[in-house]
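Subject: Handover of a structure for your review

Dear colleague,

Please find below the structure that I am handing over to you. My notes on what was found in it follow directly after.

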2 protein chains.
Amino acid sequence: MPKKQVLIVGGGFGGLRVARALARARDLELTLLDRRNHHLFQPLLYQVAMAALSPAEIAYPIRTIFTHQRNIRVLLETATGVDLAARTLRTASLGALPYDYLVLACGSRHSYFGHADWEEHAPGLKSLAEATEIRRRVLTAFELAEKEPDPAAQRRLLTFVVIGGGPTGVELAGALGEISRHTLSRDFRRIDPERARVILLEAGPRILPTFTPALSDRATRDLEKIGVHVWTNTLVTAVGPGTVTLGPETLQAATVLWAAGVASSELNATLGVPLDRQGRVIVAPDCSVPGHPEVFVIGDQAHLEEQPGAPPLPGLAPVAMQQGRHVARSILADLAGEPRAPFRYRDKGQMATIGRRRAIAQLHGLEFAGFLAWLAWLVVHVYYLIGFKNRLFVMAEWTWSYLAFRRGARLIVDKDWQGAGPVRPAQPAPPPQPPAVAVSAGA
Amino acid sequence: MPKKQVLIVGGGFGGLRVARALARARDLELTLLDRRNHHLFQPLLYQVAMAALSPAEIAYPIRTIFTHQRNIRVLLETATGVDLAARTLRTASLGALPYDYLVLACGSRHSYFGHADWEEHAPGLKSLAEATEIRRRVLTAFELAEKEPDPAAQRRLLTFVVIGGGPTGVELAGALGEISRHTLSRDFRRIDPERARVILLEAGPRILPTFTPALSDRATRDLEKIGVHVWTNTLVTAVGPGTVTLGPETLQAATVLWAAGVASSELNATLGVPLDRQGRVIVAPDCSVPGHPEVFVIGDQAHLEEQPGAPPLPGLAPVAMQQGRHVARSILADLAGEPRAPFRYRDKGQMATIGRRRAIAQLHGLEFAGFLAWLAWLVVHVYYLIGFKNRLFVMAEWTWSYLAFRRGARLIVDKDWQGAGPVRPAQPAPPPQPPAVAVSAGA
């Protein structure tokens, strides 16, 4: 009997757990596809954007994770569509791949609510490339401010607006607050720290709305202590180059970051099954596509109500991880001729961090905030970071930053590789000269 | 009396030493300009390109180096020309800056010998952006090879050509040899390691021509032991997309790297003084521009013959560093009304490394090779690495790599930020659907 083919699309928290949990299934041939060659520890991505960690400290090559698992193949490949009737996955370069089981775990992407043109002015934070770009923008703003003689222009350069008061927005704003307070006064000679502003915009009545109102309040006060202005009930009506419009008001801000909207993978539209308003696939209790028990959708890409009418499970790493293990168990149950169980989410709580030593946490029914919550946040995040070496290095990097109050990765790497070439004068070129060339060992 | 203005262009090995050595001169106001915000430890840049180290481990923000030196200002700025008569430096965004002393320490850039179009197909290694681009190309070639069914096409993907047999070319080729031997067999399922080829091309009769013939021989044998083909007396006549032409022969190689030619900064042409064939400024014995004792040129940008007719000093970090300190001493001598001394290079030798545990070294008249030379190379390079934390992390990273035989930073980060956005199907788009959008806490 030929081995059954399991295709897994996405090497995030969900996809990895499916593949890991099927490691001993000798009757299965697994293939994991991802557009990128690395698994990303997304909860710490804001630290790369804020120059506290390096990309390699929160990302790990997917291929290396499976070095010792022989029943899996890893491919750098983009999935472009699913043909449910033919049981094939369409791909960008390998054509249609047949499957016996398909697991979609592609996560989510930014949504600018129909204003795709805002992205250029207000990048979001989903990939290492975006984190590096945000870091480049933030550090360049400080560098330009240092040489700007005009106070109004300097103020514009030192204004940072974060749109969206969820965990990512709060983490970005908190880090920006600390950078402008501590880094500015020490390393720059002509910047007036009083002029730096960090503004966090939230359309709803409070930030971090998935937490209790008491913890939201606490987070707001903690942000204000490190100099972040929190503006709730504030609707962004336009984003332009260096401007954010709030109805009648317009903010002048050189750096604007987007942490507001999320939409599901575009792959879902190719399935031809019912989707929710965010474009997520409405899945059966066992995470399969209704009518297609051989196709599973998990994590941010799925809409699963544990009870009919209850709010769908949130887009959190623990949900994706538990669903991944559950899908693996369902596939093994099929092979053994046993019935599948419905998925049950074991809610372990949620946390959000605010700067260098403050956080809020709701864990197992307990609420806490401050330094203790921050320590809990630290332990949980380092514990789940893939790879022993990465855990060790991130701990070392954080200890160093904490003691020395420095940021370890404050590098501006040119956006465009071609532009990083030889020195090219920006003013009119000098009179032509014969090409000046050296032959130093080589062709 | 107003303080004298010292402008330093370039935050490399030379420029930093000038600024450091003038830290206690209270009568001077220093300004250091650099196009990038970081000092780069260039001798280890190939390790970033080969995914062994992260950018932050070999680069350090220039501004942070001078946190505690109060007589200096650091500016992210591009110098575009010098007006020797008016004693001003032209800049891209700050206009003309007046100076009492000017130090040019801009280093060198790639030269493609008049074939600027080769750069796109064969990137060189001077900046972090270029190192990241080379890493992306190398890792992507392996990923594409893994899913390539055609043996000829797979062979092309697994052929790596390095042009130029100087230290950088040898280091790149050695690392590529090890990656294809060790990484391939473990992490990839369908790549036949026998098919991988690494070819080092050198136009001259031997690689590493600045070393003794015996050490060149040893380096060639060491490279061959790790699977690198060394082709000397081989002239490259054309570089195209995936091809390298050697007279009548053409190599099919997906990855071609350039380590062959170097030319001096384009700033030199604006000085209107005699330059050598590489475009370097021919300087007086005290490193100043003849007739302009207030202008110094050091490092790769300068042509200095210690005795008339002797070969000029090589483009090495120790030369730039010693010249930097010498320039500072000359400026202090001027202020004290004392005569300047001519520059004398204290040659401490040279080293080149070949892979994970081999190197060749010529130090203080001694020649040695193998593991001992590699240990010496390691100690010297870690010792000179700026910043205690970087030294510590690089040591830890290397120890880890050495024990685990892994590469720590095997990440492919998208070249173009915009391209790293939402998933976009590469095949014809699915039928239009209403935009799927979520409002997760925010505007």
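Ile72(A) is buried, since 21 other C-beta atoms lie within 10 Å; a residue counts as buried with 20 or more other C-beta atoms within 10 Å of its own, as exposed with 12 or fewer, and as partly exposed in between, the C-beta atoms being placed from the backbone. This residue belongs to strand E5 of chain A. Leaving aside residues up to four places away in sequence, Ile72(A) touches Ala19(A), Leu30(A), Leu32(A) and Phe66(A), where contact requires C-beta atoms, placed from the backbone, within 7 Å. Thr243(A), by comparison, is 171 residues from Ile72(A) in sequence and 48 Å away in space, C-alpha to C-alpha.

Please note that this is a predicted model, in which local features need pLDDT of at least 70 and side-chain atom pairs count only at pLDDT 80 or more, while totals for chains, interfaces and linings use all residues. Residues are numbered from 1 along each chain as its sequence is written, and chains are lettered from A and ligands numbered from 1 in the order in which they are written.

How far may chain A be trusted? Its mean pLDDT is 87, with 90% of its residues reaching 70 or more; pLDDT is the predictor's confidence in each residue, from 0 to 100. Over residues 416–443 of chain A, however, the pLDDT is below 50, and this stretch has 76 contacts in the model beyond near neighbours in sequence. Where pLDDT is low, the predicted coordinates should not be read in detail. For the complex, the predictor gives an ipTM of 0.80 and a pTM of 0.85.Chain A as a whole contains 11 helices and 26 strands; these are DSSP runs numbered from the N terminus, with helices (H or I) of at least four residues and strands (E) of at least two. Of its 443 residues, 52% count as buried. Among the contacts in chain A with a separation of 6 or more, 63% are between residues 24 or more positions apart. Chain A is divided into domain 1 (4–35 + 77–110 + 262–335) and domain 2 (116–260), with bounds that come from an automatic or database domain assignment. The C-alpha centres of these two domains lie 35 Å apart.

Strand E5 of chain A takes part in an open sheet of six strands with mixed pairing, in the order E5-E2-E1-E9-E21-E20; two strands pair if DSSP finds at least two bridges between them. Strand E5 (72–76) and strand E20 (288–289) of chain A are the edge strands, each pairing on one side only. Five bridges join E5(A) to strand E2 (residues 28–34) of chain A in the parallel sense, and Thr31(A) stands opposite Arg73(A) in E5(A).

Chain B also has an open sheet of six strands, ordered E5-E2-E1-E9-E21-E20 and mixed in its pairing. Strand E5 (72–76) and strand E20 (288–289) of chain B each have a single partner strand, so one side of each is left without a neighbour in the sheet. E20(B) pairs with strand E21 (residues 292–297) of chain B in the antiparallel sense over two bridges, and Ser288(B) stands opposite Phe296(B) in E21(B).

Another pairing in chain B is that of strand E24 (residues 359–363) with strand E25 (residues 366–369), which run antiparallel and are joined by four bridges. Here Ile360(B) stands opposite Ala369(B) in E25(B). The hairpin of E24(B) and E25(B) has two residues between the strands, and in it His364(B) takes a positive phi near 45 degrees.

Two other residues deserve mention for their backbone angles. Most residues other than glycine have a negative phi, and most peptide bonds are trans. Leu208(A), although not a glycine, has a positive phi of about 45 degrees. Leu208(A) lies in the loop between strand E12 (197–201) and helix H8 (213–225) of chain A, and counts as buried because it has 25 C-beta neighbours inside 10 Å. Cys287(B), which is not a glycine either, has a positive phi of about 75 degrees. Cys287(B) is found in the loop between strand E19 (281–282) and E20 of chain B; it is buried, with 25 other C-beta atoms within 10 Å.

Finally, two helices may be of interest. Helix H5 (residues 128–146) of chain A has 19 residues and reaches 27 Å from its first C-alpha to its last, close to the 27 Å expected at 1.5 Å a residue; the expected span is 1.5 Å times one less than the number of residues. H5(A) is mostly covered, with 16 of its 19 residues buried. Helix H8 (residues 213–225) of chain B has 13 residues and reaches 19 Å from its first C-alpha to its last, close to the 18 Å expected. The buried residues in H8(B) include Leu215(B), Ser216(B) and Arg218(B). After H8(B) comes Gly227(B), whose phi is positive, near 85 degrees.

With kind regards

How values were computed
Two residues are in contact if their C-beta atoms, placed from the backbone, lie within 7 Å.
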